[in-house]
Amino acid sequence: MGEKEKILIKSSTGNLHLIRDFVEKKAAELGIDSKVISQIIISVDEACTNVIKHTHKYNDTNEIEVETVYKNKEFAVIIRYAGEAFDPTKKETPDMKEYFKKFKVGGLGIPIMKKSMDKIEFKHTKPNKNSLTLIKVI
Amino acid sequence: MDEFTITEKKAGDLVILYLNGFLDAHTSSVLEKKFEELLSKKLFKVIINFAGLTYISSAGLGVFMAYIETLRSNSGDIKLSNMSDKIYNIFDMLGFPILFKIVKDESEAVTLFNENA
């Protein structure tokens, strides 16, 4: 171990690649299949993008902490940030046939997370602490 | 290495865009601007060559969704080619192949445009 299992970044889309690189490195160290790593990475990216855009409204004085934990054959990525509560698990998944028919744009981050991960847990602690945990069974 | 760049090639009324690097919520505006530029030049037939693209998120998918209808209503289209399995899997996950023609090779996309000309 020795190496840090978490990173703290400024809430900016310009830092998304740093988060992806960090999670990829941690997952690769565990020998996780590259196809599965891709699913984890895009889910973390989508979750953090939503936080940057919707919760922090592109104000990069905010921060996002991303931690990876591996235990009991589960690889978990915990995303911690301050702000209003928003539980993505409660969001309804769009009907993709309708989506394409109407040429809709946006709103695909959460469906991607739900399709790619095995479990998603959201926790809000007063006054404004949030943690979103994305879990993949390995 | 640049985070995201686009190289452009013109062949008659066809435009081929070669994407390089990663396409996420940070870089997708670069592609958006490119589409706006093509629209202003009345270029509606676009092939996207993904050979140099290492990553795409929903922000990237959103750019294609945002322009496909306009291009098609102007007798154009966006055809996608040369995707790695990694990139294709993301398009496939939510059913994008329903709406977008995805071909193995750029030349196939060119042929498709010429057939419909």
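Q: Which strand of chain B do five bridges join to β4(B), and do the two run parallel or antiparallel?
A: Strands here are DSSP runs of E with at least two residues, helices are runs of H or I with at least four, and both are numbered from the N terminus. Two strands pair if DSSP finds at least two bridges between them. In this predicted model, β3 (residues 45-56) of chain B is the partner, and the two strands run parallel. Within β4(B), Leu80(B) has Ile48(B) standing opposite.

Q: Before we go on, what ground rules apply to the model and its numbering?
A: As the model is predicted, local features need pLDDT of at least 70 and side-chain atom pairs count only at pLDDT 80 or more, while totals for chains, interfaces and linings use all residues. Residues are numbered from 1 along each chain as its sequence is written, chains are lettered from A and ligands numbered from 1 in the order in which they are written, and side-chain values use heavy atoms, with hydrogens and water left out.

Q: Is strand β4 of chain B mostly covered or mostly open?
A: Buried means under 20% relative accessible area, exposed means over 50%, and partly exposed lies in between, with a 1.4 Å probe and protein chains only. For β4 (residues 77-81), five of its five residues are buried. Asp77(B), Lys79(B) and Ser81(B) point one way, while Ile78(B) and Leu80(B) point the other way.

Q: Where does Glu106(B) lie, and what does it touch?
A: Its place is helix α4 (residues 106-115) of chain B. Its relative accessibility is 14%, so Glu106(B) counts as buried. Contact means heavy atoms within 4.5 Å. Setting aside neighbours within four places in sequence, the contacts of Glu106(B) include Lys9(B), Tyr18(B), Asn49(B) and Ser81(B).

Q: What is the order of elements in chain B, and how should I read its radius of gyration?
A: From the N terminus the order is β-β-α-β-α-β-α-β-α. The radius of gyration is taken over C-alpha atoms, and the globule rule is 2.2 Å times the number of residues to the power 0.38. Chain B has 13 Å, close to the 13 Å that the rule gives for 117 residues, so it is as compact as a globular protein of that length. Its C-alpha trace spans about 35 × 25 × 25 Å along the principal axes, and 51% of its residues count as buried.

Q: Which elements do the buried residues of α4(A) pack against?
A: Helix α4 (residues 109-116) of chain A has six of its eight residues buried, among them Ile110(A), Pro111(A) and Met113(A). These buried residues pack against α2 (34-55), β4 (119-125) and β5 (129-137) of chain A, together with α2 (58-73) and α3 (85-93) of chain B.

Q: How many positive and negative side chains does chain A have?
A: Lys and Arg count as positive and Asp and Glu as negative, with His and the chain ends not counted. The place of a charge is NZ of Lys, CZ of Arg, CG of Asp or CD of Glu. Chain A has 25 positive and 20 negative side chains, and the centres of the two sets lie 4 Å apart.
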